[in-house]
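Work through the exercises below with the sequence and the coordinates open. Each task is followed by a solution in steps.

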Amino acid sequence: MGKLTKKNEKIISDFFRDFILSFKTVFMENFDSKVMQTLEIKLKSVHFLKDIVGIEKGNYFVSKRLYSIKDGTVQMYALYPESLMAVLSDIATGGDGDVELEGKITELQINSCIDSFNECYSGINTFIFDHYKESLEETSVENIYQGTPAYKTIFDENDFVVIYSVKFSTNTVLNVPILFKYQEIETLLSKLGLLKIVKPFDKTLYKNIDLIASTKIPLTVMLGSTELPLINVLKFDSGSLIKLDKNEGDYVDIYAKNVKVAEGQIVAIGEHFGVKIVKLLQNNDSEEDDYE
C-alpha cells in the first residue's frame, strides 16, 4: 500500500471519470436552471490522503453516505465548498446562481438542496447498473451539514481523495474533494470486473512442504493446438503441415498435470529443447485444460 501501479491508477481514474459524467447528467436534471447548462465538472486528480495538505482547513458542507454491493460496503465522504453551496442554494430556490457569499447560508437554503442532492446520488446506483449490471444500494445517509471535516476519524493516510473541479460561467473553478477507503474501492472495482486483486503469497501453505517435496508431477509444454475436420485428419501423410493457433514469437503454455501454471519461450539447452519461464500465473489466473 502507498503507491499505485500505472495500470491500476488508470483503471481507478477512468472509473471516477466515467462516474462523474453520469453524475453530471442527473445533477443538471435536478438543478434545472439555465446556469446549469454552463456547468463543467471534471476529474482533476486521484491522490492518497497523505499526499494532500490543507483539506481540513477549508470551509465545507459535508455529505456522508454508505453503499453496499455484494456483501461489501463503500463509504463516500464528500466535501462541498461553502461558495459552491451558495450557488446551488440560490438555484434551488429559483435564482440564477449568480450570487456572492454573504454571511452564513441559511438552513432553509440548505434544505432546498437536500432533495435535489439525494436525487443526484441515486444516479450513482443507475450508473453502476447501466455500466456493470450490478446493484449498488444506499444503506446509510447523513444529510449535508456545515462543519469542520472530521475525516481523520474514518480515513487514514493510505485512503483515497478524488478531486473534481466544478465551474459555472458565473463562477471561478471550485475543487470538490471526495474521500473513499482504498480497500473498499479496490474491492468494488474487483466486483465490477475492472480490477484484479492479487492476494499476497501465503508462506504458511508451505509449512509442511518437506512431506511432499520429493513428489514428482508431470510438466507439459504446449506449443499450440488447433481443430480440424476429421476428413482432414484422415488425409495426413508424412510431410503434412499442421497450422497451430500460436504465432511465431508467442509464449508457449506450461502445465502442471492439466493446470496451466506459467508461460515461457522455447530455448535450446545443449542438444535438447527447453523452456524459459517468462510469466508465472497467480492462483486466480491459473487455467484448467483437458488437453490430454
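This is a predicted model: local features need pLDDT of at least 70, side-chain atom pairs count only at pLDDT 80 or more; totals for chains, interfaces and linings use all residues.

**Exercise 1. Summarise the protein chain as a whole.**

Step 1. The secondary structure consists of five helices and 11 strands.

Step 2. Of the 292 residues in the protein chain, 36% are buried.

Step 3. Take the contacts (heavy atoms within 4.5 Å) with a separation of 6 or more: 64% of them are between residues 24 or more positions apart.

Step 4. The accessible surface is about 18700 Å², and carbon and sulfur atoms hold 50% of it. Accessible areas come from the Shrake-Rupley method with a 1.4 Å probe; for residues, only the protein chains shown count as cover.

**Exercise 2. Why is strand β5 described as largely enclosed by the rest of the structure?**

Step 1. Strand β5 covers residues 160-167, and seven of its eight residues are buried, so the strand is largely enclosed by the rest of the structure.

Step 2. Strand β1 (residues 40-48) pairs with β5 in the antiparallel sense, over eight bridges. Two strands count as paired if DSSP finds at least two bridges between them. In this pair, Phe-48 is opposite Phe-160 of β5.

Step 3. Strand β6 (residues 174-180) also runs antiparallel to β5, joined by seven bridges. Here Ser-165 is opposite Asn-175 of β6.

**Exercise 3. Is Ser-63 buried or exposed, and which residues does it contact?**

Step 1. Ser-63 belongs to strand β2 (residues 60-69).

Step 2. Its relative accessibility is 1%, so Ser-63 counts as buried.

Step 3. Neighbours within four places in sequence are left aside; Ser-63 is then in contact with Met-76, Tyr-77, Ala-78, Tyr-80, Tyr-121, Glu-142 and Ile-144.

**Exercise 4. Trace the salt bridges that involve Asp-14.**

Step 1. A salt bridge is a side-chain nitrogen of Lys or Arg within 4 Å of a carboxyl oxygen of Asp or Glu. The whole structure has six.

Step 2. Lys-10 bridges to Asp-14, with 2.7 Å between the closest N and O atoms. Both residues lie in helix α1 (residues 6-30), four residues apart, about one turn of the helix.

Step 3. Asp-14 also forms a salt bridge with Arg-17, at 3.0 Å from N to O. This pair too is in helix α1, three residues apart.

Step 4. Lys-10, Asp-14 and Arg-17 are therefore linked in a salt-bridge network. Lys-10 is exposed at 53% relative accessible area, while Asp-14 is partly exposed at 27% and Arg-17 is partly exposed at 37%.

Step 5. Another salt bridge joins Lys-260 to Asp-253, the closest N and O atoms being 3.0 Å apart. Both of these residues are buried.

**Exercise 5. Where do the buried residues of helix α4 fall around its axis?**

Step 1. Helix α4 spans residues 182-191, and Tyr-182, Glu-184, Ile-185, Leu-188 and Leu-189 in it are buried.

Step 2. Seen down the axis of α4, these residues fall within an arc of 165°, so they line one face of the helix. The arc is that of the directions from the helix axis to the C-beta atoms.

Step 3. Just after α4, Gly-193 has a positive phi of about 80°.

Methods. Residues are numbered from 1 along each chain as its sequence is written. Side-chain values use heavy atoms; hydrogens and water are left out. Buried means under 20% relative accessible area, exposed over 50%, partly exposed in between (1.4 Å probe, protein chains only). Helices (H or I, at least four residues) and strands (E, at least two) are DSSP runs, numbered from the N terminus.
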